Amino acid sequence: MNRTTLRALFHDALYQVLDNAGFRILLALFLLPVLLSFAVSFRETSISFLWIWEWDYGDFVRSATASQGLDAASRASMLEGVRERLLQSIVDLVIKWGADRFGFVFGIAAISFFVPQMLERGSADVVFSKPVSRSALFLSRYVAGLIFVGILSTLLVGGITLGLLVSSGWFDAGLLWSVFALMYGFAVFHAISCTIGVFTRNAIASILLTLVFMPVNCGLHTGWEGLIVIERATEGARTSPQEEEPESGAFAVLKTGLTTYHVIAPKTGDAMRMARSWRRSFEVQPEFEDADLGLIVGEAPRGFRREPRSSFSGDGLQWLAAHPDGAGESSWTLRRQNLSDTGSRSALVKKLRKELGADPVRSDISSRYADRFEWVEDRGGEKRLRRRWILQVSDSIVTLDYDAESGWARANEQENAATAFLAGIAIESEEDRLMLANSYDSRFGWGGAWQYNAWFSLGTTLLFTALVLALGLWKLRRIDF
Amino acid sequence: MSSHETIVSVRDVTKVYGGAFGRGGFRALDGVSLEVGRGQVFGLLGPNGAGKTTLVKILLGLARRTSGDALLFGQPVGEPRARQRVGYLPEGHRFPQYLTGLQLLELYGQMCGRDKTQLARRIPELLEQVGMRDAAHRKIREYSKGMTQRIGLAQALVHEPELVILDEPTDGVDPVGRAAVRQIVQGLKDRGTTVFINSHLLQEVELICDRVVIMAQGKILREGSIAELTPRTGRYRFDVEPAAELRLAELVGELGSNFEPHAQGFEVQLSDTELDTCVDRLRGAGLSIRGISARRMNLEQAFIQLVKKETR
C-alpha cells in the first residue's frame with residue numbers, strides 16, 4: 001500500500017468522523033466546558049464571570065454554612081486552599097465523569113457502526129473490490145475511531161487547560177495526561193467494538209456487546225484488586241506463620257479465575273494510574289513527608305527556607321525567613337511528640353490556655369481538629385506575633401508554631417502566605433493509609449511486582465488489543481460478500 | 001487493440017456456499033471456464049441465481065472460490081494487485097453517504113493508486129462524461145438513484161482501468177442516461193478497454209457486446225458472438241418494387257408459410273430451396289428485388305429458448 005492510498009484512507013476516516021452526528025453532538029457538549037473555562041475566572045479570593053460579575057469565596061462559604069453555626073475561624077479554615085480544591089473538583093468532574101464516563105459510552109455508541117456499515121451489502125462490494133487489502137480497510141475504520149476520540153479529548157482537555165491558564169492563571173501539566181488515558185481506554189474498547197462488528201455485521205449488536213463488556217471488565221478487575229487488599233490485610237494481621245489457614249476451594253477457584261482474567265484482559269483502569277504516575281514525575285516533590293503519620297507538607301512557607309539540621313521528631317522541623325529590614329528572623333516550626341511524653345491534647349491545650357490566659361479557636365488542618373492559640377509577645381522591645389496549632393495524629397501530638405515580627409506578619413502578603421502554607425499540609429487518616437498501603441493503587445508503578453507493574457499492564461493490554469484486532473482481521477478475510 | 005491477450009481467465013471454477021467438508025451446501029458455480037480477451041465487450045447473461053454475480057465477485061476477490069483457478073491480468077484473483085487495473089460498478093451499490101461526489105472520486109482514485117495531479121485532470125472530464133458536473137459538490141446522500149448510478153459509473157472509471165466490470169450499469173437510469181452509458185461503453189471499447197457486463201437488459205447487451213456467455217444454475221450454457229447465439233429463424237424479408245400486395249401473394253403466397261405483406265414488400269418463412277424458387281418467381285414477374293434479409297432470433301428469444309431447454 002503506497003502513501004497515496006494511506007492518505008486517502010486517512011482522509012476518508014476523517015470525513016467519516018466529521019460527518020458523524022454523534023461526533024458533532026459531543027463536540028458541542030465538550031465545547032461548553034471549554035468556553036466556560038475561558039469565561040469563568042478563579043481568582044485567589046473570588047470567582048468572576050466574564051471579568052464583569054464577581055463573587056467572593058467567603059460569601060459562598062458564609063451562605064453555605066449559615067445553618068451550621070460555624071465560627072469565623074472555622075469558616076476561615078474552610079477557605080484555606082478553596083480555589084485549588086474548587087479547580088481540581090471541576091476538572092475531575094469534567095474529565096472523569098464528562099469525558100471518561102459519558103463521553104466514552106456515547107463515543108462507542110457513535111462509532112460502533114463504522115465497521116458494520118462498511119460490511120453492508122453494496123458498500124462492501126465497492127470498497128473491497130478496490131486494490132487495497134482487507135486488513136488496511138479494517139484498520140482504517142479502527143483509526144477513524146481513534147481520530148474521533150483523539151480530536152474530542154484533545155479539544156476538551158487542551159481547551160480546558162488553556163482556558164484555565166488564560167482566565168485563572170492555573171496550569172496543571174498533569175491534566176494533559178488525561179488525553180492519553182482517554183485514548184488508551186478507547187483504543188481497547190474500540191478494537192473490541194470493531195471485531196464484534198466484523199463477526200455480527202450489526203451495529204446494534206456491536207454497541208450493546210461492547211457496552212456490556214466495559215462494566216463487566218471493570219468489575220472483574222475491581223474484584224481482583226479487592227481480593228489483593230483482603231489478602232494483604234489478612235497477611236498483615238497475622239502474627240505468626242502458624243496462624244495461616246488453608247484457603248477454601250471456592251475462594252481458591254475465585255482467586256485463580258480473577259487472577260487469570262486480570263492477567264489476560266485489558267486493564268484500561270490502569271491508564272489513569274499510569275497518567276497519575278507520569279504526572280507525579282512532573283510534579284514538584286513535597287517539601288516534607290512523614291510516611292509514619294501520613295503527614296505531607298506540600299510547599300515551604302513562601303519566603304522561608306528549611307533549616308537543614310532541624311528534625312520533625314526532635315526539636316521540630318524549622319523554616320526561617322530574615323526580615324527585609326534585617327531586624328531578626330521569623331520562623332515556622334513543625335514538631336512531632338509522642339502522646340506518652342506530652343500527655344493528651346486537651347491537657348496541653350489547658351496548660352497553654354492557663355499560661356497565656358487566652359482561649360484557643362478551632363482551626364482545622366487538613367480536616368483534622370486543631371486548636372489554635374494566637375498571642376503577641378514582647379521580646380526585648382520587639383512585638384512578636386505567635387501562633388500555635390495543636391493537633392493529635394494517631395499516638396502523636398503535632399504542634400505547629402509561628403513566630404514573626406508582629407507588624408510584618410500581619411501584612412496581607414504574609415497572611416496569605418501563611419494560609420497557603422497551612423492549606424498545603426495534608427494528613428491522611430490511619431484507615432486510609434492502611435487501605436492505601438495494601439491497595440492495588442499504591443502498589444501500582446513502573447518497577448513493582450508483575451501484578452502491579454505498569455509495563456506488564458501496558459504490555460498485556462496492548463497484546464489483548466492486538467489479538468482482538470487480529471481476530472477481527474482473521475474473520476474479515478474469510479467473509480464472502 | 002488486440003484480443004489475443006487474455007485479461008480474464010477462469011478455469012473450472014466451483015463455488016459452494018455452506019456445507020462442510022465438501023458435502024452439502026449450495027453450488028453457486030459448477031466448473032465454470034471462460035476467457036476474456038483484451039478490448040472485448042463481454043456480456044454475462046443468465047436468470048436470477050445463475051451464478052453471474054458470484055463469478056464477478058470471485059474475479060474481484062469479494063468471494064473465495066471452492067476450487068478451480070481464476071486469473072486477472074495473469075495474476076491470481078484475490079490479490080489486491082490483481083484489482084489495480086480493474087474498475088467495478090456493483091449492482092445495488094452503496095457509497096459513503098458522508099462524501100460528496102467529488103470526494104468519492106478522489107478517494108477511490110487514490111485507493112487505486114492515482115495521485116492528486118492525475119485526478120485533478122481526470123475527474124472533471126469524467127464528471128462531464130457522466131453528466132454529474134453540477135452535482136459534484138453535493139453529498140451522496142442527496143443524490144437520486146440515477147445520479148448515484150452515474151457517480152458509480154464514474155468511480156469505476158476514475159483510474160482509467162483496463163478492465164471494467166459493470167453489474168447492471170443502467171439500473172435506475174432514464175433512457176437518455178442509458179444511451180449515455182452505451183456511449184461510454186462504446187468509448188471504452190474504442191480505446192481498447194475490456195468491458196465485462198452483467199445485465200438483465202438483453203437488448204442493451206445485444207447492442208454493445210462482442211461476445212456473450214449465457215449461464216444457468218451455475219453452469220455455462222452457451223458462449224459465442226451475438227451472431228452465433230442468435231440462430232436464423234428461416235424467415236426472410238423481401239423489399240421489392242413495385243410492392244403490390246395482391247400480385248405478390250399470387251406469386252409467392254403458396255411458397256413456404258406465414259406470408260405477411262408490408263409496405264415495401266413481404267415476409268415469409270422459407271426453406272433454402274423455396275428461397276431460390278421465390279427469387280426466381282419475383283424476377284420472372286419483372287419485379288425488382290431491393291433487398292433480402294434473413295430474420296434472426298433476437299438475443300432475448302434465444303436466451304429464453306436456451307434457458308428453458310437447459311433447465312427443463
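Okay, let's start at the place where chain A meets chain B: 19 residue pairs are in polar contact across that interface, both partners at pLDDT 80 or more. A polar contact here is a pair of N or O atoms within 3.5 Å; within protein, one must be able to donate a hydrogen and the other to accept it, and residues adjacent in sequence count only if both atoms are side-chain atoms.

Which elements of chain A give two or more residues to that side? They are α1 (3-19), α7 (123-127) and α8 (134-168). Helices (H or I, at least four residues) and strands (E, at least two) are DSSP runs, numbered from the N terminus. The largest share comes from α1(A), with 8 residues. Sorted by class, the chain A side holds 12 nonpolar, 9 polar and 11 charged residues. For those classes, Ala, Val, Leu, Ile, Met, Phe, Trp, Tyr, Cys and Pro count as nonpolar, Asp, Glu, Lys and Arg as charged, and the others, Gly among them, as polar.

Quick housekeeping. This is a predicted model: local features need pLDDT of at least 70, side-chain atom pairs count only at pLDDT 80 or more, and totals for chains, interfaces and linings use all residues. Residues are numbered from 1 along each chain as its sequence is written, chains are lettered from A and ligands numbered from 1 in the order in which they are written, and side-chain values use heavy atoms, with hydrogens and water left out.

Back to the interface. Chain A puts 32 residues into the contact and chain B 31 residues, where contact means heavy atoms within 4.5 Å. About 2700 Å² is buried between the two chains, and carbon and sulfur atoms give 53% of that. Buried area is the accessible area (1.4 Å probe) that two parts lose on being put together, summed over both. In chain A, Lys130(A), Pro131(A) and Asp480(A) lose the most area to chain B, together 23% of what that side buries.

Now α1(A) again. Its axis and that of helix α2 (residues 101-111) of chain B come within 8 Å and cross at roughly 145 degrees. Axes are lines fitted to C-alpha atoms, for helices over the stretch in contact, and angles run from 0 to 180 degrees between N-to-C directions. Who touches whom? From α1(A) we have Thr4(A), Thr5(A), Ala8(A), Leu9(A), Asp12(A) and Tyr15(A), and from α2(B) there are Gln103(B), Leu107(B), Gln110(B) and Met111(B). That contact has 5 nonpolar, 4 polar and 1 charged residues.

On to charges. A salt bridge is a side-chain nitrogen of Lys or Arg within 4 Å of a carboxyl oxygen of Asp or Glu. Inside chain A, Glu44(A) bridges to Arg83(A) at 3.9 Å between the closest N and O atoms. Glu44(A) sits in the loop between β1 (40-42) and β2 (46-49) and Arg83(A) in helix α5 (residues 82-111), so this pair ties together parts 39 residues apart in sequence.

Last stop, chain B's backbone. Glu241(B) and Pro242(B) are joined by a cis peptide bond, with omega about -10 degrees. Pro242(B) is in the loop between β11 (232-241) and α8 (245-252) of chain B.
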